Amino acid sequence: MAALTLNGLTGDGQDGEDGGHGGHGTDDRAGASRTPGPPPPTGPARLGPAPSAIPSVRDWQPVRGPGWKPTKWTRVVAARASLADEAKLLAGELKVPVSKGPARTGDVELKTSGEAGKGGREAYTLKSGKGRITVSGASDTGVFYGTRTLIQTYRAQGRFADGTVEDAPDRPQRGFSLDIARKHFSADWIEDRIREMGDLKLNQLQLHLSDDQAFRIESDTHPEVVSDQHLTKDQIRRIVKLAASRHIAVIPEIDSPGHLGAVLKAHPDLQLRSASGNVARGAIDISKPKAAKIVDDLLGEYADLFPGRYWHLGGDEYQALMTENPSRSYPGLAAKARSAHGGAADIQDLATAWLNDRAETVRKHGKVPQVWNDGMHRDGTVKPSKGREVAYWTGKEIGARQPEEYLKEGWKVLNLNDEYLYYVLGQPNDFTYPTGERIYEQWTPAVLRGTKPVPSKWAGSDRIPGARFAVWGDLAHAQTTEQVAKGIRMPLKATAQKIWNPSKPKLSWPEFTALADKVE
């Protein structure tokens, strides 16, 4: 978070990125301490309703009292500079000033304890009583989530009942994955989704930056691969900055050794071809050292641009491994595998070694690699290197492995189950647009493949750290970007609810959809 001084901060009503809004500013002017204090709240001492938020809070203990609502005296009080972003955003939304305090009746006070308790660094406590709100957490992230519960409840109810919220996520990784390679999405569109994600307490945005159709990010090391429609590095920096203000990490994905058609268009000498001369679409010839150098150049170039912990390396659908007899179809790759890894090695070993090398490249930049499950091969001479996470999306690939195999082998497995969480434009290959209702009522992070959960012994957050809802642009013109935003609205909300708390929701689906309209 930006370590901004609170002097001169104002709320802008949305992002805290620009200047003041509606004449509201700080309350740290000279003489402010001599301003008469607000009167105590009045009203019936009753047990008020539970907070209205998506995802719903996990524990609410109401007490009798009149509840809180903003008055002309209300301020957002944050003494710590590290909470400047959170204070400014909330103040803008409530149209009240920011102050260093001390807190008084009518205020919303933001505090950090610095110690992660049972709920971890993303947990928070929200207390409402005597006309004041206090949001506290072990970290700025927890405090931010508490402000999301507060603002959503205020939008829905016009007040916040007296009581205490104790809340924390069930899973540490909660995200949205967006394919910007097959379909161009503007920086503004992506930023709108980041704001949406922040309110939903999602914390990861995966950007699929390149594919056969396009390479969508500016490059200095290989400008020849960049498509006409792309995001500039300045646009990426703005996206990353906005995401950080919402406690969202942006995870880049440059998929290899398949899905590299845009790179190969500029480097046809690296195109993989079969023994009969047929082009393997999107597949780079991993027997050639130049192929590894280009991909590593790109990975290294963007390492500082994306400062988050994770990096997605892809690894899926390498065409050389999707034929009936890979060694016969691609004898050059088979020969290279044997020479590099021994006489028993085959092409899958060469592909595993390729992904191991790319994983090592990003590890040198302090990243944790993530790979698609069909880039993790069974029973090879070369084993996948440790220190990575597996993103499980399908069980339909050649040599498909059940998710339990990865879990038994000790891998952390992220849930991107294509049965529920894949929004594929144009609905090709038997895909259908997912519905929020189906996710809300049937899916949990334990449902990694198909519709059945893995055994409970494998289903904890230590083994399945989370999930992402994904948009793929296979038939890019099937929907406009506006239609995509509308189509994913409720599925994304349902996903956020079930990652934060996989238990059966208390609200029915109609009640949940009605709540969604109120909290936005």
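Reader: Where does H312 lie?

Author: H312 is part of strand β15 (residues 310-312); strands (E, at least two residues) and helices (H or I, at least four) are DSSP runs, numbered from the N terminus. The model is predicted, so local features need pLDDT of at least 70, side-chain atom pairs count only at pLDDT 80 or more, and totals for chains, interfaces and linings use all residues. Residues are numbered from 1 along each chain as its sequence is written, and side-chain values use heavy atoms, with hydrogens and water left out.

Reader: Why does H312 count as buried?

Author: Buried means under 20% relative accessible area, exposed over 50%, and partly exposed in between (1.4 Å probe, protein chains only). H312 has 0% relative accessibility, and therefore it counts as buried.

Reader: What makes H312 and G314 a polar contact?

Author: A polar contact is a pair of N or O atoms within 3.5 Å; within protein, one must be able to donate a hydrogen and the other to accept it, and residues adjacent in sequence count only if both atoms are side-chain atoms. Here a polar atom of the H312 side chain is 3.0 Å from the backbone nitrogen of G314.

Reader: Why does H377 count as buried?

Author: The relative accessibility of H377 is 18%, so H377 counts as buried. This residue belongs to the loop between β16 (368-372) and β17 (389-392).

Reader: Which residues is H377 in contact with, leaving aside its neighbours within four places in sequence?

Author: Contact means heavy atoms within 4.5 Å, and those residues are L321, Q348, A351, T352 and R401.
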